[in-house]
Amino acid sequence: EDPGLNINHPYYDVARHGIIQLAGDDNSGRKVITFSCCRMPPSHQLNHTRLLEYLKYTLDQYVENDYTVVYFHYGLKSLNKPSLKWLQTAYKEFDRNGSYSVLLSMIFKSLLTISFSFPRYKKNLKALYVVHPTNFIKILWNIFKPLISHKFGKKVTYLNYLSDLRDHLKYDQLNIPQEVIRHDENLRGKQKGKLPPVVKIPPPRPPLPTQQFGVSLKYIKDKNEGELIPPVMKETVSYLKRNGLQVEGLFRRSASIQTIKDVQKLYNQGKSVNFDDYHDIHIPAVILKTFLRELPQPLLTFECYDHILEITGVESSLRVTRCKQIIQGLPEHNYIVLKYLICFLHMVSQESIYNRMTASSLACVFGLNLIWPSKGTASLSALVPLNLFTELLIDFYTNIFNSRTVPGE
């Protein structure tokens, strides 16, 4: 059970099992949501209607942005599968509500059917990975294929082994159940007659003098004549200020993985980047998020993580003051870069009538790019305080950042 899960959570009875979890980002910076069948208790101990509602509740936090789903099929048995009658009832219920689509329901017998039959949930689902699929699932998928759009069908990928996930997302961020790991080892052992050999990973190369991604703020400053704002931040923010403030869905969309890698390579090699050449305003937006996410330590620092989690326990009228106190404790360099970023995000939110990116929307995108725990990934229960803290920074930028003077001001 998630130690940060509050008993007052609206879906505590379901959430405590850890069936549905947030698991960091994929290689394109999209949020990853996992569904683990092995964590489903026996049917008589779980209200499957509540499970479906909790799934909707979770997706509702991300469906406005591009996202990815990983489904671990192992562990779905006759003991914990929902009944066919329940599945039919659930389908009819959601079919009546055209404004709601659903990750419908991944379930009966050895079945996971994810049917995004309504546009709200399937629109921004960019990838669905089904791990350890059975032959029955593949057969059933073929049966349903005529009812599912070709475009959605292309989003579904079957992965026979956990190692296959490494090609698509940040494997180490996944909280994979031990039962699934053991099952994967058994499958590999059966395939080869023994467990796979340990793959030796070569030691990391030292960073280039011009490196921008994956190195500390201090490293970038020292290699750029003491400049406090990293060049990649300055250039992406400046470009987006000129060209993107009124673009609908700014920061919500992903971009070509290969293009992002190419741009990162140019920056790391110290070469110039002209975003006009790419004809896609979402590329500098993704580059900015990627830069923040690949910092060795989050911009808000590991030390602030627990303090930020406590923000929901602070009286509403005192939360801005508490945010200010936490921010004041940041190292000067982190404070300066954070102020630069939040000033820009505040500007974006001021154009929300055009771009539809309110402070709340921006917080959902940037929260986990500004702060994450030193070990593992943030749990679903941590999202509320992390996003609330980020939203307060953006909404009350002037108040929160007005009392600390920084160089150059």
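The structure is a predicted model, in which local features need pLDDT of at least 70, side-chain atom pairs count only at pLDDT 80 or more, and totals for chains, interfaces and linings use all residues. Residues are numbered from 1 along each chain as its sequence is written, and side-chain values use heavy atoms, with hydrogens and water left out.

The mean pLDDT (the predictor's confidence in each residue, from 0 to 100) is 82 for the protein, with 79% of its residues reaching 70 or more. Over residues 94–118 the pLDDT stays under 50, and for this stretch the model has 90 contacts (heavy atoms within 4.5 Å) beyond four places in sequence. The secondary structure comprises 18 helices and 7 strands, where helices (H or I, at least four residues) and strands (E, at least two) are DSSP runs numbered from the N terminus. Of the 409 residues of the protein, 51% count as buried, a term that denotes under 20% relative accessible area, as against over 50% for exposed and values in between for partly exposed (1.4 Å probe, protein chains only). Among contacts in the protein with a separation of 6 or more, 74% are accounted for by residues 24 or more positions apart.

A search of the whole structure finds 3 cavities of 30 Å³ or more, a cavity being a set of points, on a 1 Å grid over the protein atoms alone, where a 1.4 Å probe fits but cannot get out. The largest cavity has a volume of about 130 Å³, the volume being the space filled by probe spheres set on the points, with grid points joined across faces, edges and corners. Of the 15 residues that line the largest cavity (those with an atom within 4 Å of a point), G29, N65, D66, F251 and K289 are the closest to its centre. Two or more lining residues are given by each of the elements α11 (282–293) and α16 (359–370), and the largest share, 3 residues, comes from α16. By residue class, the lining of the largest cavity divides into 3 nonpolar, 5 polar and 7 charged residues, where Ala, Val, Leu, Ile, Met, Phe, Trp, Tyr, Cys and Pro count as nonpolar, Asp, Glu, Lys and Arg as charged, and the others, Gly among them, as polar. The lining draws at least three residues from each of domain 1 (11–193) and domain 2 (217–401), with bounds that come from an automatic or database domain assignment.

F251 is found in the loop between α9 (231–243) and α10 (257–268), where F251 is buried with a relative accessible area of 1% and has a phi near 80°, a positive value in a residue other than glycine. A positive phi, near 70°, is also found for T301, which lies in the loop between α11 and α12 (305–309) and counts as buried at 5% relative accessibility.

Within helix α11 itself, R293 is buried, with a relative accessible area of 11%; residues up to four places away in sequence not counted, R293 touches D25, S28, G29, K170, N369 and W372. C38, placed in the loop between β2 (31–36) and α2 (48–59), counts as buried at 16% relative accessibility. Neighbours within four places in sequence left aside, C38 is in contact with Y74, G75, P177, E179 and V180, and its C-alpha atom is separated by 8.7 Å from that of N80, 42 residues apart along the chain.

Conventions: On a 1 Å grid over the protein atoms alone, a cavity is a set of points where a 1.4 Å probe fits but cannot get out, and a pocket is an open set with protein on both sides within 12 Å along at least five of seven lines; lining residues have an atom within 4 Å of a point.
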